[in-house]
Amino acid sequence: MIGRTTILLEMSPLFFWQWGGLPRQSVKNLFFLLFRSSTCLHGVGKLALRQTVTFFNIANGSCLPYHLRILIPGKMDSMSTLIKTLLSCCILSTSTGFALAQEQVVNLYSARHYSTDEALYSGFTKATGIKINRVDADDAGILARLKAEGSASPADVILLVDAARLYKGETDGLFQPIQSKVLNEAIPAHLRSAASSNGGISWFGLSTRARVIVYNKIKVQKDDVDTYEELGDPKNKGKLCIRSGSHPYNLSLFGAITEHMGEEKAEAWLKGVVDNLARSPKGGDTDQIKAVASGECDIAVTNSYYLARMMRSTKPEDMAVVNKVGVVFPNQQSWGTHMNIAGGAVARHAKNPANAVRFLEYLASAEAQNYFANGNNEWPTAKGVNADNPALKAMTGNAPFKSETIPISAVGANVTKVQQMLDRVGFK
Ligand code: FE
């Protein structure tokens, strides 16, 4: 089998670099190489073919100049040839290096991908000069990728769309707690992680979504579904549609309910929910709303933005669905409606941590909050910023509603317990 040496050069503005199995002098030599232009990288690419040297950009899979991985088969003496060739094909210039060092970037791994976010990102670059390199994936994909990349990860900022997943990222050590007066003042304490031992905060909620109940307006009385408890009440037997119990949105809801009711009562309630199912859990939240409209079930659970999206749709089929369903924000007389969050964190191994904090602070600003929340029909989290969204206003009757105020970090902390309960009650 061919032996292999791996060097990972990250030509960030700070010229961070790592290496494995290389003589220190070689690393020093390489450190002074400046890979400036795509032409240069192209040259390296050709070299790669001849010497079985490969590179790829770990930020987004494309050819950016500052991330380069080189795999060298065979003996170390190929290294000197490599360095010479690199030197001849790349630009070695202190002044160029200084220019490169001035380029400010922030590498973003995002589970949010809405067209309005583009305006958000360009607003940040315009205001700060910091360029955003973005990788899109879902929550689970981002957490898995961060784990796999370890300290080599180029990620600076992480955006996820569920409290339990943010909690998991924190407990898996994928984030670094940060101290930011701006964020601490803007984001309410119950919508961010608990403080770490050094007082830092691992993640901040940047928008909220309510987990609401929709019902068939003709067949169901609103009073029979205006609490989460009633989802498990025998009076609603055979009426309920809900997505998989182990989906993060439900894990977070059940984690919150466990916090409110206590473990024993929460498990009895979950058993009641399973007994009330009209069909085995399947599909996403939008599918549950549609199943109510089609008559397959009478009651369903959904995140508010899926309903808002349909309310804003001009498609006749969506409008027909919306006309058939009513919506309630549960538990207005008790602990309030369960709110989940989309939130942000600084990656544990961020190479541009200052830029990462700056980006999160920007997302908490009034201007960015409007884009961030409205882009997905959500509510802003920053104090003093109000949603201006016609669908949300219509959904709430343009009146304030009571949302739960338990620390959102408690929701994530209950998830392991919830998973065990789901197994015991047979909630797939
Ligand atoms: Fe969603």
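User: How many bridges join E7 to strand E12, and how do the two run?

Analyst: In this predicted model, two bridges join E7 to E12 (residues 379-380), and the strands run antiparallel. Thr208 stands opposite Trp379 in E12.

User: Which residue stands opposite Ala210 in E11?

Analyst: Ala210 stands opposite Met339; E11 (residues 339-346) is antiparallel to E7 and joined to it by six bridges. E7 also runs antiparallel to E9 (residues 299-303), with five bridges, where Tyr215 has Ile299 as its bridge partner. Four bridges join E7 to E10 (residues 325-328), again antiparallel, and Val214 stands opposite Val327 there.

User: Is E7 largely enclosed or open?

Analyst: Of its 13 residues, 12 are buried, so E7 is largely enclosed by the rest of the structure.

User: Which residues have the most contacts inside the largest nonpolar core?

Analyst: In soluble globular proteins, nonpolar side chains tend to be buried together. Here the largest nonpolar core has 100 residues, and those with the most contacts inside it are Val157, Ile158, Val214, Ile289, Val292 and Ala300. Strand E7 (residues 204-216) gives the most to this core, with seven residues.

User: Which residues of helix H5 are buried?

Analyst: In an α-helix, residues three or four places apart point the same way, because there are 3.6 residues a turn. In H5 (residues 115-128), the buried residues are Asp117, Leu120 and Phe124. They cover an arc of only 50° around the axis, which puts them on the same side of H5. The face turned away from that side carries the exposed residues Ser115, Ala119, Ser122 and Lys126.

Note on methods. Residues are numbered from 1 along each chain as its sequence is written. This is a predicted model: local features need pLDDT of at least 70, side-chain atom pairs count only at pLDDT 80 or more; totals for chains, interfaces and linings use all residues. A nonpolar core is a set of buried Ala, Val, Leu, Ile, Met, Phe, Trp, Tyr and Cys residues joined through C-beta atoms within 7 Å. A residue is buried if 20 or more other C-beta atoms lie within 10 Å of its own, exposed if 12 or fewer, and partly exposed in between; C-beta atoms are placed from the backbone. The arc is that of the directions from the helix axis to the C-beta atoms. Two strands pair if DSSP finds at least two bridges between them.
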